[in-house]
Amino acid sequence: MIKPFLSVFISLSCFTILQAQSIDHLIKRFDKSIDSLHQLHEFNGNILLAKDGITLYEKSIGYTDSSKKHQLNLSSAFNLASISKTFTSSLILMYVQERKLNIDDQVSKYISIFPYKDITIRHLLNHTHGMIEYFDWIYDTLKIKDTIGNDQLLALLSKYKPALTSVPGEKFNYCNTGYAVLSEVLETISGMSYPELLKYKITKPLKLKNTYVQTVKMPKSPKNRVYGMKYKDGRWNANDLTTLDEIVGDGNIYSTVHDLQKWDQALRDGKVLEPAILLEAYTPTVVLEKPKMVYGLGWIINEPGKKVSHSGSWNGFKNNIVRDLQNGYTLISLSNGTAGIATYKLLDQFEKAISNLKQ
């Protein structure tokens, strides 16, 4: 439940943003609101707004970790959580584009021990595979507390073959397990580890110098790495990686607002995928049961043909990237203070107000 004073703040902030007459006015109102939310411990992070690759607004406010010894800056790299899926899906679609993989191939064609013969690559990409969420299964059912990586997860799926929650292809159910399996498919096809492949196919060619994989077992972290935290009991507390953060594909890519801006523009400019492949990625998945979230191949479809996005939420992190495909706007928000409902509502209203401005 939102605190009463936050409810009033949200209403007033959204009202003033929606009443703004120009983009400059919008940005000034929004900036003041973010400052206020930071004072209320509701936002700690970085924000960037761009149009056609040109930065219109950027802000860095808060701390890199719960010790509060270091201020965030625009080169700070946050755990993207599920925004990482946009990279994993693009890597898969790059191999589809190169005709080295068919999107409707069975997963078992590439991973012999994968136990579900009817699940295809497409099902993994669009969350219609029907597998259970590995977080809950490992912690609550198997009660495993040891660190789990992708190989161990695949071995456990092969051994126990937990029942599917739905027939593959019939129902959308957002689930991280599919993207963890996709990373194994990528490693099989490429002969590289997931971090190596990400660097080879995406970060090096596109000069994303602050985008990398970071997992719990890695002995060292880049200096610009941000650590998760949460405001509780009147102070910031550490809230970072867990024993499940050896798994990649569904999360654990770190990046900055500037690198994500480059990523967005590279997709728009056709430097990653051809228009026909991108169109398929941005096309809503057709399922029998109408889902609450409309999803394509690695992207949430806010408005078909007009706007796509992806959020990312994990221990100590809450992020979002919204891409207006028609008007060229991109809004990126990365938070290591688990930005609350107030921030999300403000960001949503800000983005919608910008999209509705006369072009």
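The model is predicted: local features need pLDDT of at least 70, side-chain atom pairs count only at pLDDT 80 or more, and totals for chains, interfaces and linings use all residues. Residues are numbered from 1 along each chain as its sequence is written, and side-chain values use heavy atoms, with hydrogens and water left out.

**Overall build**

The protein has 11 helices and 11 strands. Both are DSSP runs, numbered from the N terminus: helices are H or I with at least four residues, strands are E with at least two. The C-alpha atoms fill a box of roughly 55 × 45 × 40 Å, taken along the principal axes. With 359 residues, a compact globule would have a radius of gyration near 21 Å; the protein has 20 Å, which agrees. That radius is taken over C-alpha atoms, and the globule rule is 2.2 Å times the number of residues to the power 0.38.

Two strands pair if DSSP finds at least two bridges between them.

Ile 321 has Ile 332 in β11 as its bridge partner.

Ile 300 has Ser 309 in β9 as its bridge partner. The two strands form a hairpin with 3 residues between them. In the turn, Gly 305 has a positive phi of about 80 degrees.

**The sheet of 3 strands**

Another open sheet has 3 strands in the order β3-β7-β4, also with antiparallel pairing. Its edge strands are β3 (78-79) and β4 (212-213), and each pairs on one side only. β4 is joined by 2 bridges to β7 (residues 253-255). Tyr 212 stands opposite Tyr 254 in β7.

**Pocket and cavity**

On a 1 Å grid over the protein atoms alone, a cavity is a set of points where a 1.4 Å probe fits but cannot get out. A pocket is an open set with protein on both sides within 12 Å along at least five of seven lines. Lining residues have an atom within 4 Å of a point. Grid points are joined across faces, edges and corners, and a volume is the space filled by probe spheres set on the points.

| Space | Volume | Lining by class |
|---|---|---|
| Largest pocket | about 790 Å³ | 13 nonpolar, 17 polar, 10 charged residues |
| Largest cavity | about 40 Å³ | 5 nonpolar, 2 polar, 2 charged residues |

Ala, Val, Leu, Ile, Met, Phe, Trp, Tyr, Cys and Pro count as nonpolar, Asp, Glu, Lys and Arg as charged, and the others, Gly among them, as polar.

The largest pocket is lined by 40 residues; closest to its centre are Ile 300, Ser 309, His 310, Ser 311 and Asn 320. β9 gives the largest share of this lining, 7 residues.

A search of the whole structure finds 1 cavity of 30 Å³ or more. Residues lining the largest cavity include Leu 49, Val 322, Tyr 329 and Glu 351. β10, β11 and α11 each supply at least two residues of this lining.
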